[in-house]
Each structure stands twice: as structure tokens, then as C-alpha cells.
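These are my notebook entries on one structure. I set down what I looked up, entry by entry.

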Amino acid sequence: MSKFDPKSGNFNFGFKHMTDFDAPLAPSQRPSFETRRQGDILLIKTPRGSVLGLHSRELEVAQLDAAVWNLDESSPAAALEPSIATEIREELAQWQASRSGQDAQGDLLVRSLTVNVAQICNLACTYCAAGGDGTYGSKTKTPDLEKTEAQIANLLGQLPDGESFTLTFLGGEPLLHPDIIERLARHTRLMAAGRALRLRFDIVTNATLVDAERAELLAKLGAHVTVSMDGAPEQNDRARITKSGRGSSELVLKGLAELLKVRDRLHSLNVGAVFGRHNLDVVGAWKYLSQLPFQTLKFDFAAEAGDETASRLFAEGLCEVMELAFAQGGEAELRRLHVADHLFRTLDDQLRVRNHCLAGKNHLQLDTNGRFTVCQWFVGQRDEDLGGQVQVDEGERRARFERDLVDENNCGNCWARYMCGGGCMSVNKVKNGNKHERDLAFCDRTRHTLLKGIEKYVEARYNTTLDSAGAEREIH
Amino acid sequence: MSKLVTTPPSIPQEPNVKFIKLVNKAPSTAPAAASTLSTSAEPTANSAGAKLTRRPGTGCIPVSGD
């Protein structure tokens, strides 16, 4: 972790140890996982030769005797004694029948709303959901606040006590209008006053406008702050540029310095990095961003037509990052990566993920024209519009979004479905023109990443248990 | 051919389980550091003991949802 000097406003990165990292392998040289299916059970042979198992329906993970892999009669190493093979088949059948995973209750309460505070931006990032200028093609730069307040009040009114509600400020660049953020947050708190509702405020910002005043506003909200940054300055400045074409990194780091002065009053400080054909140096981005004092690192891939090769390279880079993070700091460092933390929580709780996100189910998006969609990627798309009244058309929402994505997107018996949640509707639409037609590149990179995550999960859990048990044992 | 798992196991197993060592088990059904093949467990809460609501995947909406 870097050290920040609030007086100078500079970071001391301490890069020395980073030269210890191995040079990344070229894609064709990378060892890969082998997999076989036995009903609901996925047998995994890792590049290191370990044999693991995943019960894809129950989300159970196991270490397997190497003999289980050799049960496959097509394997040249298959020379199992018949009695051993019978025993293995019986154990697999017993595991296949296992029942411990669970589906959570799937209501349609809106617990999360994203508001476009400003549909305009001071940057012009090449892959932006809002069209590069932050406007989504709309001339309306800021929302009608009286209407927005009524829409928020209506959603809060539908939540029973004991529930939670997250208000996320998005743009464009939301910190162009801190006054709107302050007013909507104050209104939301007022509407929730006296009720047993847990409020949470999130913001996604490019951080270039963060000064002492804006940092103090976010601190007063106890906000979860996600800073958008794609890696080291030379990497970040390729796509995250000002309208005059200059890189934004210097401004981002200044803003970050202001946020660090109030860090103890922020709920969390995270970074979101976007990769794609324009940026595939996942390892380089991690080496830089992991040195900054971010709690969580969220690495996303910007889908576009013809991105299959880039998608696989991104996945391979992410897998390499998982190796490096685990080697550097064990489970804690690994779980700074959002994708790894999510997988670990899913496997720990064995709670099936049936939706890649909760768009349309427990989450809605509001644009500056006061119109609802289910996520920011659908803003301005007429066929995704859910109306612009104070109250959302619940019948329409239920009809279009009630079904879980693993079912709606026909995931079938894909072994990854309950960890992935059926894929991204926006990615599907970008790639196939249909938000429920799966993007196979998305599926490929998801499965690739999950295999690495499962391997790390076993290593982490095994080592943890070993430490607490204090001794090794063998199966006889 | 060896019967040993690739990495030595450390979680107590049922005596009749030789080849499959479970690494995880829903917390409400298994004591810490113990895991066996179970066929009937029906856990009712997650590790935090919180009410179960839909859990999102790693979608880009920056909200945990739970």
C-alpha cells in the first residue's frame, strides 16, 4: 500500500518490491485448466495438476483424489482397479445428490436507485456509457429536483421498515453538481427520518473535480466512493481524457489526495477500471492501482463487436492478477479484487446468484429527464424506457424483469450459472441486439475467471484450515 | 496409483468418504472447520445471519444489494 503525505499531497509508492513479479506469459504459453462434467459436478484439473470439484448446483467445492480424474475411461491414465472405480462412482453419486445450496427470496422491492445528477461531463472517455460527453444524447443536463424528490419519496414509501435503500449519484460527472447531491441526500434522509430504514449513499466519480469542499460533502454523507481510473497515468490517459484531449491522471490523483484527507469518514474508497480492446494491460493496471489506498478494485470489460480475442486476453490478465495478489497478500489481498471477493462470498454462503445484477428487480435508474430505466446503460433507449411518472409502472416492470436472468437468458445447466447470474443484459444487447441472448465472449471470460477463482478459494481455505488445525492429515 | 488427495486434507471427513474432501459448507449447517458430504441440509441464513434477499453477481451497478 502506498503512503500518502497530506502536507505535500504526494504519494510514496514504494515500487521496489514490484520488480519481483514474474513477467507475464504470452497467451499461447499460459497453462490452462482442464474440465470434465459428471452431472452437476465439474471436475477441474488445474495447471498445477491438482484435481478439484465443483457441485455447480449446490456451490460446493472439493479437493479430489487424483484418481477421480482418472475415472474417465478415455483418459490414458485410466487404470483404476474396478473396486476403486466403484467407490469413486458411489461417492460422486452421493455428492451429486447433495442439497445445501439455496435460493434467496426474490421480491421486487426497489432497494437501490441511481440518479444521474448531471448528464454532462468534464471528461470525454472513449467507452463511456453516457456517450463520451456525458449527455446520453440528451439536452437536459440536470434533473428537475422536485420531481426527483417525489420519485425518491415514492420508492422509500414502498419499503417496509427494516429495509435498506441505496442512492447512487452518477453522471456524466456527478461532482459537477455537488449542490444537487447535497439536496437529494438531505431529502432522502428527511423522508427516511423516524423510520427503520438503512440508507446508503454511493457515488461514481472521475475524481478530477474533488476539492476540499466536495470531499467534505462526501464525508458528511459517509459515502461509498468509487473513483474511475484505468491504471497508471500512461495507461489511464489513453481513454480517460479531457475534452481538449489531455490525460486526466494528474487531476485524478489531486482529487484522490483530497479524498484521503477525509478517508476515515468515507464508508469506502474504491476504484473502477475499464478494460477492452483499448486497454488490455490488466496486470499493469493492478500493479499500479493496488498500491493506491483503495479498498476494492473493480475491473470491468467494455464489450464491443468483435471483442472475442480481447475478452480472452482480459480474462487471462485477470487470472494472472489473481495469482499475483494471492502470492503477495493471501486471501485479503486477493479479495480486494471485487470479482474474487464476490466468488468467495458466494462459495462461503452457498447462496445461488441467479442474476448478474439486480437491474429491474431491486434496482432502477433515473435520468435527467426524470425517466426510469433499469440501468445506466439503457438510459435514452426508447425500448428500455419504464416511464417518467412519479410512480413506476409496476405491471410493466414485473412483466419484463421479474424472471431471474439465469432462466431468462437460457443458461441451462452451465456449471458457472449460479456464480455468474446469467450475464449482463447490456452486453448481450451490444453484442447480439437482444438483451436476453447470451454473449458467448462474456460466458468464456466469466468461466475462465471463475476457474482461477475456485482454485484460489481452495488454496485459501485449505491453508486457513491447516493453520488452525496445526497438522496435516491424509485420506486413507 | 495413490489414493492421496493432491493436497493433504485437514477437515474431518466421514469415515466412508475417501476421494472427495469438501472445502466449503454453508455456515448454518456445518460447524467451523468441519465438513462432510451431506444430503439433506437446508440452511436458512447466510454467514452474516442476515435476511436472504436476491444476491447480485458482479454486474457493474455499484451496489451490493445485500
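**Entry 1: conventions.** I note that this is a predicted model, in which local features need pLDDT of at least 70, side-chain atom pairs count only at pLDDT 80 or more, and totals for chains, interfaces and linings use all residues. Residues are numbered from 1 along each chain as its sequence is written, chains are lettered from A and ligands numbered from 1 in the order in which they are written, and side-chain values use heavy atoms, with hydrogens and water left out.

**Entry 2: confidence.** I looked up pLDDT, the predictor's confidence in each residue, from 0 to 100. Chain A has a mean of 89, and 89% of its residues reach 70 or more. In chain A, pLDDT stays under 50 over residues 6-26 and also over residues 464-476. I took contact to mean heavy atoms within 4.5 Å. Beyond four places in sequence, the model has 37 contacts for residues 6-26 and 25 for residues 464-476.

**Entry 3: backbone angles.** I recorded that most residues other than glycine have a negative phi, and most peptide bonds are trans. I then looked for departures. Tyr136(A) has a positive phi near 55°; its place is the loop between β7 (112-118) and α3 of chain A. Here helices (H or I, at least four residues) and strands (E, at least two) are DSSP runs, numbered from the N terminus. Leu59(A) has a positive phi near 60° and sits in the loop between β5 (51-55) and β6 (60-64) of chain A. Its relative accessible area is 0%, so Leu59(A) is buried. The peptide bond from Gly171(A) to Gly172(A) is cis, with omega near 15°, and Gly172(A) lies in the loop between β8 and α4 (178-192) of chain A.

**Entry 4: the largest core.** A nonpolar core is a set of buried Ala, Val, Leu, Ile, Met, Phe, Trp, Tyr and Cys residues joined through side-chain atoms within 4.5 Å. Which members of the largest one touch the most others? Of its 103 residues, they are Leu113(A), Phe169(A), Leu289(A), Phe299(A) and Leu337(A). Helix α9 (residues 308-334) of chain A gives the most to this core, with 9 residues. The core lies between domain 1 (31-96) and domain 2 (112-396) of chain A, because both give residues to it. The domain bounds come from an automatic or database domain assignment. I also found a second, separate core of 18 residues, which includes Leu43(A), Val68(A), Leu71(A) and Leu80(A).

**Entry 5: chain B.** I found 0 helices and 1 strand in chain B. Of its 66 residues, 47% are buried.

Notes
Buried means under 20% relative accessible area, exposed over 50%, partly exposed in between (1.4 Å probe, protein chains only).
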